[in-house]
Amino acid sequence: MSLDQFLQYVFSGITNGSIYALTALGFTLIYNATDIINFAQGEFVMLGGLTAISLYKWGVPLPVACLGAVVVVALIGVIFELAAIRPLLSAGIMTQIIVTVGASLALRTAAMLIWGREALPLPPLTGDTPIDVLGATILPQTLWVLGATLAIVVALQLFYKRTLTGKAVRACSVNPTAARLMGVSYSRVVLLSFGLSAAIAATGGVLIAPVSFMGYSSGALIGLKGFAACILGGLGNPAGAVAGGLILGILESLTVGFLPIQGSSGYKDAVAFLILLLVLFVKPQGLFGQRTMEKV
Amino acid sequence: MTAVARVVPYLRRHAAFITFAVVVMALPFFIHSTYYLSILAFTATRLMVVLGLNLLLGQAGQISLGHAAFVAIGAYGSAILTTRWSLDPWLAMGISALLAGAIAGVLGIPTLKLKGHYLAMATLGFGEIVLILLIQFKWLTSGSDGIVGIPSLSFAGLDLGRPMAYHWIAWGVALVMLRMALNLVDSRVGRSLRALHRAEIAAASLGVNTSFRKVQIFVVSAVFASVAGSFYVHYIHFISPDSFAITFSVILLTTVVIGGVGNVWGAVWGTLLMMFLPEYLKRFNQDYTNLTFGILMIVIMIFLPGGLVSLGGVFSRARNRSRGPDRARLEEG
């Protein structure tokens, strides 16, 4: 494999990896605030992409359609929290898993009824003239994906470290009871986490729709890979989630390039799950996680 | 003590099970439509899967989102072994079940040591890998085209492929599994599972080998699912990967939840509802079925965490024997 081919695979891996990273960030936000794994996270990505596609079709200018989709999906996340999560906040892991699994089935089917079974395209934000880098090419959309991911990571860091609300969220993830005693509204923190998490996921969906089409069933796989990225980087660690997503995307893409099997792209999706299972078996605390002890 | 005096308490204790068994086995005498007999037969195979999942979720408090994969192993194992190597269907069923059990063991040993959602995700990933392999390993599985011409089950020269005969054999096996599940709940194993479910560390300190028990029940549920898959393909004679997408695993989980977690009878009611509700919904639009299922899962968790069985009914006596707070049964600690 020549350098330009190698680079080409890496670029394509980074593009998909950024989306896994954003999805993984969404998982992390909700997990840190509530200890819930939101199995509907991938559906938020799908809804983001499809909503943008519809808005654009109705004549809304592309950038506005993209922003609008993020807002709509954030609202869906908030409604989901109010309707299904809030009554079960103290119900325990199994109940919460079942509720979010139910939500993902409902959202996926609703999307199929609204948008049909075909995957739909969205035009890229700024044209599709490829940029030449060391013999490999980058689509402008890739730069948007990367830039947005970076911007979101930086903004989240600032939010968590510098703002009072962000500090309240962190306090809740460390010790909800103590945070509540200090006057932090736990339920508002949870609501905020779901809204933010849905918005970040939707951003991923909006950005990836021009690269690979978006259909009602696209969310499930993206969600799973986002979770694999979380596990790889250490569940609950935002920086780990982003790194995990990028590593996963690149590994996936290189597998397609290096595997000497005919039609190896069919195996692409298996890579993420093999990594997921491997990490669970060998180092369940993730690449960057520390071993923790559970108190009785 | 006379024989009658010994039999009567036995019958009374197992009244629910015996009534159910008699009714189910008598159904073919009253239903002559092949269509409804087939649905009933599929209900039997579905019940086999759901029973295993019900034990896993209700007794051990562990969730699997990849049970479709174990059904697939049974179905494809039987299909491949009988069509390519002309093995006897019963032998093929046994080999597939062993394979499913072994895989469940390998998958369960590391993941079941972790918290609840790790098994959920590991099984979800496992289900996806199995689906990909079924499509990609064309030399073995014929890929998306699927495998045709899978033979019927037979016993001592009797063809069990006809709806009535099949009904009896499939329900016969499903009833044996139901009895096994009911017995297990009331056994030492069931008690230790519930103990680890409520408070794992307390159970461990009292001498319950918690990891072993969890893996054990996971393996049992995988074997049940595999046998169900084998029965299924020997009746419809055709199999393709489409049947084993994530949605199927989720629907299996929905069935357990709707029926009632932590109560074996919940598996029965859930399965009956989930097999016959789509028949009813089909009159409107089949696509709405999954939407209904998804919303039902949320609504039941919020308003009826004990599922259908907690509504009370004919089998209330069987239920009351080992009843705790509904939601507590679903959660550890």
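Trainee: How many residues does the largest nonpolar core have?

Mentor: In this predicted model, the residues with the most contacts inside the largest nonpolar core are Ala202(A), Ala228(A) and Met48(B). Its largest share, 15 residues, comes from helix 11 (residues 210-236) of chain B. The core as a whole has 194 residues.

Trainee: Which residues does Met48(B) touch, not counting residues up to four places away in sequence?

Mentor: Met48(B) is among the residues with the most contacts inside the largest nonpolar core. With residues up to four places away in sequence left out, the residues touched by Met48(B) are Val173(B), Ala174(B), Met177(B), Phe224(B), Val227(B) and Ala228(B).

Trainee: Which helix of chain B gives the most to the side that touches chain A?

Mentor: Between the two chains, 41 residues of chain B are in contact with 37 residues of chain A. Elements giving two or more residues to this side of chain B include helix 5 (89-111), helix 12 (246-259) and helix 14 (288-303). The side of chain B that touches chain A divides into 27 nonpolar, 9 polar and 5 charged residues. The greatest contribution, 14 residues, is that of helix 6.

Trainee: What is the radius of gyration of chain A?

Mentor: Chain A has 11 helices and 2 strands. The globule rule gives 19 Å for 296 residues, and chain A comes close to that value, so it is as compact as a globular protein of that length. Its radius of gyration is 19 Å.

Trainee: What percentage of the residues in chain A are buried?

Mentor: A residue counts as buried if 20 or more other C-beta atoms lie within 10 Å of its own. Among the 296 residues of chain A, the buried share is 50%.

Methods: Residues numbered from 1 in each chain as written. Chains lettered and ligands numbered in written order. Predicted model: local features only at pLDDT ≥ 70, side-chain atom pairs only at ≥ 80, totals over all residues. Core = buried A, V, L, I, M, F, W, Y, C linked by C-beta atoms within 7 Å. Buried ≥ 20, exposed ≤ 12 C-beta atoms within 10 Å, placed from the backbone. Helix = DSSP H or I, 4+ residues; strand = E, 2+ residues; numbered from the N terminus. Contact = placed C-beta atoms within 7 Å. Nonpolar A, V, L, I, M, F, W, Y, C, P; charged D, E, K, R; others polar. Rg over C-alpha atoms; globule rule 2.2 N^0.38 Å.
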